[in-house]
Amino acid sequence: MPRIKQSKDAIFEAKLRKAISGSAAYYSMGVDEQAFAAGVTRSTWYRRLKQPNTFTLYELRRMIRRFHWDNETIIDFLR
């Protein structure tokens with residue numbers, strides 16, 4: 001079976017999920033703490049994780065500050 005090239009959106013979503021899960025594990029954050037870091041409720045957090053393209057700029061900025069992402073991490077999932 002030939003490989004199917006992933007879309008840019010799918011690649012972005014995978015990289016963002018990886019950055020979130022890695023940071024949450026590093027800082028030992030539970031779901032409620034992750035949701036608080038983004039400034040959303042738990043149900044909204046789960047919905048955003050299913051579709052990372054729906055994160056608002058405000059939520060992304062809060063996560064960048066709380067998870068202490070450096071510029072390389074941010075640029076990596078935006079490429």
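Predicted model: local features only at pLDDT ≥ 70, side-chain atom pairs only at ≥ 80, totals over all residues.
The axes of H2 and helix H3, residues 42-50, lie 9 Å apart, at an angle of about 85 degrees. Angles of 65 to 115 degrees count as roughly perpendicular, and H2 and H3 are therefore roughly perpendicular to each other.

Which residues make the contact? From H2 they are Val 31, Asp 32, Gln 34, Ala 35 and Ala 38, and from H3 they are Arg 42, Trp 45 and Tyr 46. Sorted by class, the contact of H2 with H3 has five nonpolar residues, two charged and one polar.

Staying with H2, its buried residues include Gln 34, Ala 35, Ala 37 and Ala 38. These cover an arc of only 155 degrees around the axis, so they sit on the same side of H2. What do the buried residues of H2 pack against? Their partners are H1, H3 and H4. Just after H2 comes Gly 39, with a positive phi of about 80 degrees.

Now the core. The largest nonpolar core has 18 residues, and those touching the most other members are Leu 16, Ile 20, Trp 45, Phe 55, Met 63 and Trp 69. Two or more residues each come from helix H1 (8-26), helix H2 (31-38), helix H4 (57-67) and helix H5 (71-78). H1 gives the largest share of this core, five residues.

One more residue, Leu 16. Setting aside neighbours within four places in sequence, Leu 16 is in contact with Pro 52, Phe 55, Leu 60, Trp 69 and Phe 77. Of these partners, Phe 55 and Trp 69 have already come up among the core residues that touch the most other members.

Technical notes. Residues numbered from 1 in each chain as written. Heavy atoms only, no water. Core = buried A, V, L, I, M, F, W, Y, C linked by side-chain atoms within 4.5 Å. Buried < 20%, exposed > 50% of the residue type's maximum accessible area, 1.4 Å probe, protein only. Helix = DSSP H or I, 4+ residues; strand = E, 2+ residues; numbered from the N terminus. Contact = heavy atoms within 4.5 Å. Axes fitted to C-alpha atoms, helices over the stretch in contact; angles between N-to-C directions. Parallel < 35°, antiparallel > 145°, perpendicular 65-115°, else oblique. Nonpolar A, V, L, I, M, F, W, Y, C, P; charged D, E, K, R; others polar. Arc of directions from axis to C-beta.
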